[in-house]
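Hello,

Here is the structure I promised to pass on to you. Please have a look at it first, and then read my notes below.

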Amino acid sequence: MNVLNEIVIGESVVGLKDNLVKTNILPKTSGELDRDLSIQGNVVVEGAIYARNLLVDSGPVEFNGAVYAHNEVHIKNDSQETVFFKKAVATNDSIVALLISGRCIFGSDINGKSIKLKHCFVAGSIFAHEIQLENTVVLGGCFAAKKLTLQNVITGTFNAPEVMAGGINYLLYPTAFSVEPMAPLPGTEFYNITLADLGSLYKGAPVMPNTGKIKLDINADVQRTVLVDDSDTKILLNSYSVASRILVGDLIDIDKLENHFLIISASLGSQILKTYSLQKEDGSSVDLTIPNIADFFFKILNGSVVIEEINGTISFEELKQKYR
């Protein structure tokens, strides 16, 4: 890998391959605002990036600074290895990463007009006019100003005027929202995993009693909610939640689930100065790194890590012990 301490921009496209870039890639003159950046594999960029278009042919690639593209961030669908953006990624137009076999990891929030992701992991949230996700994990929220499409997705929550869904999807937080009623394809399933013992599953340990996933009935588990802002403007939303059916949650010590460690360690990954871990009963530990956490959630998506449905049966003795 060749070390570059300075980028000299003389062409309309800057190409990088087998390079460690120790500096920022930023325009110094108005003429350099229209330069594209092409990444062809085995590249590490330590500084921030500005380009008209950022094009990634293949990994492994690691961006340690923030990235902004005036037009598009595009990762080729046949890209191999991992493309890792450690900090925020933003564009004036689109972010496209419809990967077939490779993987893209976004370690922070991403923002653009149109965002289309497949086989991607987002440790933060997504903000866009239109969002299209397939086989993707978003630990924060998906916030679309116009339309959101989900197909086999894990997300913290979502909020969009129009939501279309297919496949099997999971919510990490209790509630999600849409303006219009959700439009699911036949066979679409939603599960809430707020009360799943993700910490034990991550460590490969037995899960706690009364934990698991809860099936969300899109037609029954919905309420019309009116939100009012400071100017008395009213917004009518459909609220999808299983909160009315999780009495069993009162019997669980949420902190012992250790779910928050997974989410926080991933979302703050680029800001944490040391690697934390979850301790097993035998004294060993499992590191909480973003790649490890991404692998874990993708195993939930592909079914190799199974979350059982929560047992809704609660004995009177359990309730008496809890509330006496």
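How many helices and strands are there in the chain? There are five helices and 26 strands. Please keep in mind as you read that this is a predicted model.

Let me begin with the chain as a whole. It has 324 residues, and 44% of them count as buried. Its accessible surface comes to about 15700 Å², with carbon and sulfur atoms accounting for 50% of that area. I also looked at contacts between residues at least 6 apart in sequence: 31% of these join residues at least 24 apart.

Next, a set of strands you can follow on your screen. Strand β17 covers residues 162-166 and pairs with strand β16, residues 126-160, in the parallel sense, over five bridges. Strand β17 is also joined to strand β20, residues 183-184, by two bridges, and these two strands run parallel as well. In β20, A165 has P184 as its bridge partner.

Finally, a spot on the surface. Which residues form a nonpolar patch there? They are V226, V228 and L236, which together have about 250 Å² of accessible area. L236 belongs to strand β24, which spans residues 234-241. With a relative accessible area of 39%, L236 is partly exposed.

Best wishes

Note on methods:
Residues numbered from 1 in each chain as written. Predicted model: local features only at pLDDT ≥ 70, side-chain atom pairs only at ≥ 80, totals over all residues. Heavy atoms only, no water. Patch = residues over 30% accessible without salt bridge, like charges linked within 9 Å, V, L, I, M, F, W, Y side chains within 5 Å. Areas by Shrake-Rupley, 256 points an atom, 1.4 Å probe, with all protein chains shown as cover. Salt bridge = Lys/Arg side-chain N within 4 Å of Asp/Glu carboxyl O. Helix = DSSP H or I, 4+ residues; strand = E, 2+ residues; numbered from the N terminus. Buried < 20%, exposed > 50% of the residue type's maximum accessible area, 1.4 Å probe, protein only. Pairing = 2+ DSSP bridges. Contact = heavy atoms within 4.5 Å.
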